[in-house]
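The entries follow in the order in which I made them.

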Amino acid sequence: MADLDDAKAALHHYLQATREDLIWKLDGLSEREARLPRTATGNNLLGILKHCLNVEAGYFGPTFGREFPTPEELVPDQAYDEDPQADWYAREDETKDGLIDLYRRVGVFADQTIEQLPLDAPGRVPWWRPGGQAVTLQRIIIHVTCDLARHAGHADIMREQHDTTIGLRRENTNIPHDYDWPAYVTKLTKLADRFG
């Protein structure tokens, strides 16, 4: 267990936990279920994971002068010129298990950056606007954790809509067990209807 009184260890812990939460949301899904668009803009669970792994590889790689060992596995910059959504879906030649494996390897790569550098280590985000590209490792850990947490929230809702799998974490859902969810939804609907 990380020493959560140590700032770097605490930041790293929450990043790692959010990463695992994203992977958990794909548990038990078929290839089709993982890829299936679940919103009007095509968001899908596997696409969220692919986007997040590319985010981590970029922020913990080039930002600090490092390159992911197999960059050909990531979405190349030029792909966004052809399709700005290139990192939001799995191509036909990519699999759920393959992308989960890649995300775990990206996590190891990102963890190495965090472990090797102090929180005040300077970095530069080349794709941010000029004048705002200078960062520290601390800022990037916070930025990436917030970004991943936002997407984990998207994944929570999409997975709940798919098969009612809900919860904060695999080992601690933080959700009441044996709760009468239909009655709860009815109660909230009636409450909302009073304002209709």
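**Entry 1, Lys96.** I began with the contacts of Lys96, setting aside neighbours within four places in sequence: Lys96 is in contact with Leu26, Gly28, Leu29, Glu31, Ala34 and Leu46. Contact here means heavy atoms within 4.5 Å. This is a predicted model, in which local features need pLDDT of at least 70, side-chain atom pairs count only at pLDDT 80 or more, and totals for chains, interfaces and linings use all residues. Residues are numbered from 1 along each chain as its sequence is written, and side-chain values use heavy atoms, with hydrogens and water left out.

I placed Lys96 in helix α5. Helices (H or I, at least four residues) and strands (E, at least two) are DSSP runs, numbered from the N terminus. Is Lys96 buried or exposed? Lys96 counts as buried, at 11% relative accessibility. The classes are buried under 20% relative accessible area, exposed over 50%, and partly exposed in between (1.4 Å probe, protein chains only).

I noted 7 helices and 2 strands in the protein chain. From the N terminus, the order of elements is α-α-α-α-α-β-β-α-α. The C-alpha atoms fill a box of roughly 55 × 45 × 35 Å along the principal axes. Of the 196 residues, 40% are buried. Among contacts between residues at least 6 apart in sequence, I noted that 71% join residues at least 24 apart.

The accessible surface comes to about 11500 Å², and 54% of that belongs to carbon and sulfur atoms. Accessible areas come from the Shrake-Rupley method with a 1.4 Å probe; for residues, only the protein chains shown count as cover.

The chain has 22 positive and 33 negative charges, and their mean positions are 5 Å apart. Lys and Arg count as positive and Asp and Glu as negative, while His and the chain ends are not counted. The place of a charge is taken as NZ of Lys, CZ of Arg, CG of Asp or CD of Glu.

How many salt bridges does the structure hold? I noted 10 salt bridges. A salt bridge is a side-chain nitrogen of Lys or Arg within 4 Å of a carboxyl oxygen of Asp or Glu. Side chains of opposite charge can pair when their charged atoms come close.

I looked up Glu20 next: it forms a salt bridge with Arg104, with the closest N and O atoms 2.9 Å apart. This pair links distant parts of the chain, as Glu20 is in helix α1 (residues 7-24) and Arg104 is in helix α5 (residues 96-116), 84 residues apart. Glu20 is partly exposed, at 35% relative accessible area, and Arg104 is partly exposed, at 39%.

Arg105 forms a salt bridge with Asp101, the closest N and O atoms being 3.0 Å apart. Both lie in helix α5, 4 residues apart, about one turn of the helix. I have Arg105 as partly exposed at 31% and Asp101 as partly exposed at 40%.

Arg91 meets Glu94 in a salt bridge of 3.2 Å, N to O. Arg91 is partly exposed at 38%, whereas Glu94 is buried at 9%. Lys50, Arg91, Asp93 and Glu94 are linked in a network of salt bridges.

Where does Asn44 lie? I found Asn44 in the loop between α2 (31-35) and α3 (45-59). Asn44 counts as buried, with 3% relative accessibility. Not counting residues up to four places away in sequence, Asn44 touches Ala34, Arg35, Leu36, Pro37, Trp88, Tyr89 and Met158. Val135 is 91 residues from Asn44 in sequence and 31 Å away in space, C-alpha to C-alpha.

I placed Glu160 in helix α6 (residues 137-163). Glu160 is partly exposed, with a relative accessible area of 41%. Glu160 and Lys25 are 135 residues apart in sequence, and their C-alpha atoms are 9.4 Å apart.

Which residues make the nonpolar surface patch of about 690 Å²? I listed Tyr179, Trp181, Tyr184, Val185, Leu188, Leu191 and Phe195. Patches are made of residues with over 30% relative accessible area and no salt bridge: like charges are joined within 9 Å, nonpolar side chains (Val, Leu, Ile, Met, Phe, Trp, Tyr) within 5 Å. Leu188 sits in helix α7 (residues 181-193) and is partly exposed, at 37% relative accessible area.
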